[in-house]
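Hello,

Here is the structure we talked about handing over. My notes on it follow below.

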Amino acid sequence: MGKKIANDIEIKPVPAIEKGISEEEDMNVMKYLRGEAANLEVLQDKKLKGQLALREDLYGKSAKAAAKAEKWLMPSEGGYLEAEGIERTWNIKQETIAREVDLLGSRNQYDIILPDLGPYTLDFTPSGRYMTVAGRKGHMAIVDMKNMNLIKEFQVRETVRDVVFLHNEMFFAAAQKKYTYIYDRNGTELHCLKEHGAALKLQFLNKHFLLASINKFGQLHYQDVTTGEMVGNFRTGLGRSNVLQVNPFNSVVAVGHSGGTISMWKPTSSAPLVKMLCHHGPVTALAFHSNGHLMATAGMDRKIKLWDLRKFEVLQTLPGHTKTMNFSQKGLLATATGSFVQILRDFSGSQNYSRYMSHSIAKGYQIQKLAFRPYEDVLGIGHSMGWSSILVPGSGEPNFDSWVANPFETSKQRKEREVHSLLDKLPPETIMLNPTKIGSVKPTIKKEKPAKQEIEAELEGAVEAAKKGSFKKKTKGRSKPSKVAKKKKEAVYKAKKPFLEQEAKGEGLSKKKRKNIEEENQLPRSLQRFARKRQAN
Amino acid sequence: MKVKVISRSTDEFTRERSQDLQRVFRNFDPNLRSQEKAVEYVRALNAAKLDKIFARPFIGAMDGHIDAVSCMAKNPSHLKGIFSGSMDGDIRLWDLASRRTVCQFPGHQGAVRGLTVSTDGRVLVSCGTDSTVRLWNVPVSSIMESDDSSNNSAKPLAVYVWKNAFWAVDHQWDGDLFATAGAQVDIWDHNRSQPVNSFEWGKDTAISVRFNPGEPNILATSASDRSITIFDLRLASPARKIIMRTKTNSIAWNPMEPMNFTAANEDCNCYSYDSRKLDEARCVHKDHVSAVMDIDYSPTGREFVTGSYDRTVRIFQYNGGHSREVYHTKRMQRVFCVKFSCDASYVISGSDDTNLRLWKAKASEQLGVLLPRERKKHEYLEAVKNRYKHLPEVKRIVRHRHLPRAIYKAASLRRIMSEAERKKEERRRAHSAPGSIPKEALRKRRIIEEVE
């Protein structure tokens, strides 16, 4: 389809001024086409070809309509930060930004200082409306970010290692000292998940309703939160790890290990899908871009690496430590060491990340967790003295979709969405490295015929090996030079034989044989074998 | 320095008054919707399952006849009326909405074999084994709506006595003529007591007759000598004829492609023919396990319904080799006649157990008025199901039909037999000179000869 649109544009006499605009629109259309169209030219079936062509046409139309809607109907524009003159974006202070932006924006910049209850971790709902925070020493809270309302705050008087929202703000799970617990938004303990053990990190797979956890012993658990069934329980076999991250593109869970490897898991197989050595030394942080092609890893070897997950290749290596990392919806990467936050950005669109913004919180605060707030230009920071929030222009998606994640959701809408998301709950089998494979046809594997030169080279190698082979020293004249020579000759012949046979089979048959085969074909099929026998005699 | 951050004021994104609709914003960015295909697949699977849950095609039975229902006729000018004739000579007019008899005609001495309604919907023509053709006045619609007229008996407009028993009757789609099938094919006019024309080709009895919906002067008949004949009223002699290996019980023309017709055959199959090219069938519709007794096309021309001696009603695509749907109940006996309703959404079957049965044409369709959102949802689910219909799980659920044990067994036996036949043919071919046993398609194999 893409081809066809390109042709259309070529045919149309486009004025030079409008050319830029149409090109931009074309690019947007490509975004909505979701990949290239199938090649219909190779199809033999005319009826099928017609049907598919019609469908491709429809896809093209809908992509065009979506691109047009994006151009004209989107209510808001994204944020930006542009430096003028000699100033640099990474030198601009948060206070300066706060002075420039409107009141609503500047409200998102604050520090909450809670010095007693230890490093804080935090999590946002997919719509970015609610935040849950948990202090290491047992302090947990849910905050409505729209009006900065503290919905509930309570103390469990136990170590809390991680906290994560379930499918909506009504429930959240916390990894505590011995077990994992599920609480509702009033702070009522609903479940104690003993099977997870002392979990270090939690992740929730939104579409599958699976709670994934990694515990002290390096065991990965998947539990279905709708039925309570334990879907998967795997030993990673690579030791204790507290780096766990789910890839939002395909719901594959990645675990970073102390040996520098990263393993990727799905709940239906006990062996990892991918095991890749990323760092020399322990992996400290892991983050996935929402388009699923980009992964960022950081290790104790003072390196931050960006990986292309389609080829499993390093795209870029940056120096630096980081304890936590996060990608924003628009692809900004936040890293943190100590009390220093750095935000990287891909300016050129060629996945080449460079410095965009930086921010230091008060000295001595140790940053524990970074999380971009979805649909807002805000970065939440959980640290040893509470939590803070800073403005990062251009990080959030400016336009939300009411049917995907709505920050202004009413309780009735929330209830409806819960029902719909439960109806669309995906089975765990749909987690795979390439989720677009579902419904496609497995291509037939073609056996490659080796080239003639390759065969010859192989033959030579085999002959050489046979010649060089040594023989056992034997008595009673069996190791006489003549005998040895004979043996060698035999060995060479043996090595050559399969190649020669192969050649004979492949080569054209002699005239006589061809004639015989023709004769055979004249006979009914059941009698053909007798014709062959006669030939043998 | 230029800076802007996203700031959404609540007023802009929520409704002003509580009576207003909630505001909806769309962003079609694929990055916001991950795993779209998996979600669509799950929706398709759920839609297929829901279809199975809601598949309740049987609406109701209409009882009243005291003998097997032998024939039915739709009224082209009245949607909810249907006529039925039974083996004891009784003719009734039914109201499909209330499923009651509206009018009862005194009928024939013997069995009623054919019923048809004139183009304007005013005159009902019936014929039977008592060698008479009777014309009846169809009561006007005001009577149909009144409730207390179930025993409203009417006198025939005319009774034409003829020499032989009749097997079928059909009225022209556009015109005043009707044709009867018996010892020969007779063409009648409403006002004449004797046929205006008769055709004969061979000595055998014609058992069904149907006029072409596009060309009013062309009609197709099938006879007990296993032939299908096409007549043209403008010619003195019949036009074309094919002889098949087994008898054809009934014929139906495709109303949207009037050159095509489908023949319901005694050998459990239906054969779709192009009337211009009778040397091979366009499609063979298999699935019944006993003789197909009657066939009727949907007004859309995309599907047709068949009733069979194996006590089932099946719905086929006009170009599909196997049935889309099979309907059966424990109480339904041999089906002698079937009709598609004039709005293509219901199927009526008349069977040996003296009842007419009303079925939905789409088993899981929601009846009644649909809200636009409901309709959109149904359309979406249909599209998703169509997209993933080839995946094994979806296919299994969509294809599955529960069959009575007798039919299930008969179907598997037939499958074994046809497989054995195919194998035998293959072996025979392997043991004879190449080319001496040509392969012949089933579409051609069942035709013995074509006569012009």
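**Notes on chain A and its partner**

In this predicted model, 56 residues of chain A are in contact with 38 residues of chain B. On the chain A side, the elements that each give two or more residues are helix 2 (16–33), helix 3 (46–73), strand 1 (80–82), helix 4 (94–100), helix 5 (103–106), helix 6 (411–423) and helix 10 (525–536). Sorted by class, that side has 25 nonpolar, 17 polar and 14 charged residues.

As for chain A as a whole, it has 10 helices and 29 strands. Its radius of gyration is 32 Å, whereas the globule rule gives 24 Å for 537 residues; the value is well over the rule, so chain A is more spread out than a compact globule. Along the principal axes, its C-alpha atoms fill a box of roughly 100 × 75 × 55 Å. Of the 537 residues in chain A, 34% are buried. Among contacts in chain A with a separation of 6 or more, 47% are between residues 24 or more positions apart.

In the model, residues 276–317 of chain A are 60% strand and 0% helix, with the end C-alpha atoms 16 Å apart.

Regards

Notes: Residues numbered from 1 in each chain as written. Chains lettered and ligands numbered in written order. Predicted model: local features only at pLDDT ≥ 70, side-chain atom pairs only at ≥ 80, totals over all residues. Helix = DSSP H or I, 4+ residues; strand = E, 2+ residues; numbered from the N terminus. Contact = placed C-beta atoms within 7 Å. Nonpolar A, V, L, I, M, F, W, Y, C, P; charged D, E, K, R; others polar. Rg over C-alpha atoms; globule rule 2.2 N^0.38 Å. Buried ≥ 20, exposed ≤ 12 C-beta atoms within 10 Å, placed from the backbone.
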